[in-house]
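Dear colleague,

Please find the structure below, handed over for your own work. My notes on what was found in it follow.

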Amino acid sequence: MAQFGYLEKFGIVFLIALLYYVVKSVVNVLYTYIIGPLVNKVDFKSQGRWALVTGSTDGIGKAYARELASRGCDIVLVSRSYDKLMETAAEIEKDFKVETRIVLADFSDADIYEMISKEVADLEIGTLVNNVGVSYKYPEYFLEIADWEKNINTMIKANVVSVTRMTRIVMPGMVERGKGVVINIGSGSSIIPSPLLTVYASTKAYVEKFSEGLEMEYSKRGIIVQCVLPGFVCSNMSGIRRSTLIAPTAKAFVKSAISLVGTTSNTTGYFPHTLFFYVVNSIHSFAPRFSVWLVTRSMENTRRKALKKYKKE
C-alpha cells in the first residue's frame, strides 16, 4: 500500500475540501433557483386578497404590482404621483381583471403614515412589497452631496422610515391571520464596496438587517419575509435604458425574484447578480485596496460625466 508524505496528505485533504465546496455550491444554486421555486411555490392570493406595493408606478415596484396582479391579487398602489397612480391602476385593471386602490403618498414626508393606515384599514393585505426608495442623482462624495440636508433626510425617510412604518401598519393583520408575505427591496450596494454611494448603501444595509430580524421573529407566526438585494436593473432610478444579461428589465428581474419567495429569505433575486457580487467580493477579499480603487475610479468617472451633463443643462 502506498505511503503518503505530509505534502501528499495535505494535497488530498485540500482536494477533498475543494470538491466538497464545489459540490455544495452547485447544490445550493440548483436548490435556490430550480428546485426550491418548484417545491416552495407561494400562492400569493391565498395569503390575503390584497397586495400593497410602495413606489408602484415605475420600475421594480410597478413590475411587482403587475406580477402580483397576474397571480390574482387585488393591488394597492402607493406612490406620490396621482397621474401615474391612475395610469398604472387602469393598466392593471384592464390587463389582469383585478381591483385596485390608489394611495397618494410622498415618502419624504414623515407625517403620511396615519393617513395610509386609515386608507388600508379595511383591507385584507396578504402581501406587502416595501419597494419605495431614493438614491443619489449621481455618485458623490459624502460631504459634497448637493442640498445636503434635504437630500440626506429624504433618503433616510424614504429608505429606512418607510420600510419600518409600512411594516408596522400591515403586519398586525398578517400575524392575526397567521400568514402573509413581506418583501423588502434592499440593494446590492449594501453588500459590496460602494464608495460615493455611502448613505444610500447604508440605508439599504438597514433594510437587510431589519428583514433578517423580522424573519427570525415572525417566521414561526406564519409570515414569510424576504429581502431582495438587486444589482443593476433597467429603471428610472438606475438610469439604465437598455437591458443586458447583467441589467435585466424590471419585469424579468421581478419574475426571477418573486419565484424565490419561500425558498430564501435573503437574495439578489437574479442569478447573474449573484455571480456578479460574488466576483466583486472575491476580488475585495484577495485585494481590498485594488477593489476599492477600481470601484472608486468607476464611480468617479460616472460622477464626472453627470456633472458635465448638469453644467450643460
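A search of the whole structure finds 13 salt bridges, a salt bridge being a side-chain nitrogen of Lys or Arg within 4 Å of a carboxyl oxygen of Asp or Glu. The model is a predicted one, in which local features need pLDDT of at least 70 and side-chain atom pairs count only at pLDDT 80 or more, while totals for chains, interfaces and linings use all residues. Residues are numbered from 1 along each chain as its sequence is written, and side-chain values use heavy atoms, with hydrogens and water left out.

E91 and R66 meet through their side chains in a salt bridge, at 3.9 Å from N to O. Because E91 lies in helix α4 (residues 82-96) and R66 in helix α3 (residues 59-70), the pair ties together parts that are 25 residues apart in sequence. Helices and strands are DSSP runs numbered from the N terminus (helices: H or I, at least four residues; strands: E, at least two). E91 is partly exposed at 25% relative accessibility, and R66 is partly exposed with a relative accessible area of 25%. Here buried means under 20% relative accessible area, exposed means over 50%, and partly exposed lies in between (1.4 Å probe, protein chains only). A network of salt bridges links K62, R66, E91 and D95.

E67 takes part in a salt bridge with R71, where the closest N and O atoms are 2.9 Å apart. R71 is partly exposed, its relative accessible area being 28%, whereas E67 counts as buried at 10% relative accessibility. E67 also forms a salt bridge with K255, with the closest N and O atoms 3.3 Å apart. This pair links distant parts of the chain, since E67 is in helix α3 and K255 is in helix α8 (residues 250-259), 188 residues apart. K255 counts as partly exposed, at 43% relative accessibility.

Helix packing

Two packed helices are described by the angle between their axes and the distance between the axes. The axes are lines fitted to C-alpha atoms, for helices over the stretch in contact, and the angles run from 0 to 180 degrees between N-to-C directions.

α3 and α4 pack at an angle of about 25 degrees, and their axes are 10 Å apart. The two helices are therefore roughly parallel to each other; angles under 35 degrees count as roughly parallel, over 145 as roughly antiparallel, 65 to 115 as roughly perpendicular and the rest as oblique. α3 passes α4 in a right-handed crossing, where a crossing is right-handed if the near helix is turned clockwise from the far one by less than a right angle, and left-handed if anticlockwise. K62, A65, R66, A69 and S70 of α3 make the contact with T88, E91, I92, D95 and F96 of α4, contact meaning heavy atoms within 4.5 Å. The residues of this contact divide into four nonpolar, two polar and four charged. In this scheme Ala, Val, Leu, Ile, Met, Phe, Trp, Tyr, Cys and Pro count as nonpolar, Asp, Glu, Lys and Arg as charged, and the others, Gly among them, as polar.

The axes of α3 and α8 come within 9 Å and cross at roughly 60 degrees, which means that α3 is oblique to α8. The crossing of α3 with α8 is right-handed. On the α3 side the contact includes G59, I60 and E67, and on the α8 side V254 and K255 are among the residues involved. By class, the contact of α3 with α8 has nine nonpolar, one polar and three charged residues.

Helix α6 (residues 148-177) and helix α7 (residues 198-218) pack at about 15 degrees, with their axes 9 Å apart. That makes α6 roughly parallel to α7, and α6 passes α7 in a right-handed crossing. Among the contact residues are I152, M155 and V163 of α6 and Y200, F210 and L214 of α7. This contact of α6 with α7 divides into 14 nonpolar, four polar and one charged residue.

Backbone points

Most residues other than glycine have a negative phi. K97, which is not a glycine, has a positive phi of about 55 degrees. K97 is placed in the loop between α4 and β3 (100-104) and is exposed, with a relative accessible area of 69%. D147, also not a glycine, has a positive phi of about 50 degrees; D147 lies in the loop between β4 (125-130) and α6.

With kind regards
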